[in-house]
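Good morning. I will go through one structure, and please keep it in view while I talk.

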Amino acid sequence: MICVLIVIVLALVLIGSLCTGGPKQVVKEYYQAIEKCDAKKLLDTVPKDYLKEVMDEKDLTKRELLKEVQAYLDKYYSGYDEKLDRDDFSDYFDFDLEEDADLEIKKAVQFDLKVRYQSDEGKQTEKEEFIVFRYENGWYSMDAVFLVAMSAYL
């Protein structure tokens, strides 16, 4: 009976880790959120503890924060499309971040991406650095954290 219970627990942990995805999945989710100007999807790439900290500091409800982020996305990201090129992930490497006592980042990975922008001015491809970090049991986007901060504090 104990062996069956251990197998079930291990299976649940494995399924949970597969569902949260890894670093590459976070990159894709972030760019999908930007492409669609979807604040709700963007907030899924930010740790809940950080969102709570921002809401507490700015005295915002989750709905109000979502509205602020959506307004920021609509203002700065609705004028063009951002898509990842095929083979957009080059070799990645561990990236040391300064310790952040609030987030307790366990690991971070930096991706060097080729991102194609399309706007009224035309198409262009740029190389970008994209950092994802592991916090508790999930991977999150440093760029999304930055966008939430810009939305809430401007």
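This is a predicted model: local features need pLDDT of at least 70, side-chain atom pairs count only at pLDDT 80 or more; totals for chains, interfaces and linings use all residues.

Residues are numbered from 1 along each chain as its sequence is written, and side-chain values use heavy atoms, with hydrogens and water left out.

How many salt bridges does the structure hold? One, where a salt bridge is a side-chain nitrogen of Lys or Arg within 4 Å of a carboxyl oxygen of Asp or Glu. Lys 52 and Asp 56 form it, at 3.0 Å from N to O. They sit four residues apart in helix H4 (residues 48–58), about one helical turn; helices are DSSP runs of H or I, at least four residues, and strands are runs of E, at least two, numbered from the N terminus. Asp 56 is exposed at 53% relative accessibility, and Lys 52 is partly exposed at 45%. Exposed is over 50% relative accessible area, buried under 20%, and partly exposed in between, with a 1.4 Å probe and protein chains only.

Next, strand S3 (residues 107–119) contains Gln 110. Is Gln 110 buried or exposed? Gln 110 is buried, at 4%.

Last, the core. The largest nonpolar core has 41 residues, and Leu 42, Leu 65, Leu 73 and Val 148 touch the most other members. Such a core is a set of buried Ala, Val, Leu, Ile, Met, Phe, Trp, Tyr and Cys residues joined through side-chain atoms within 4.5 Å.
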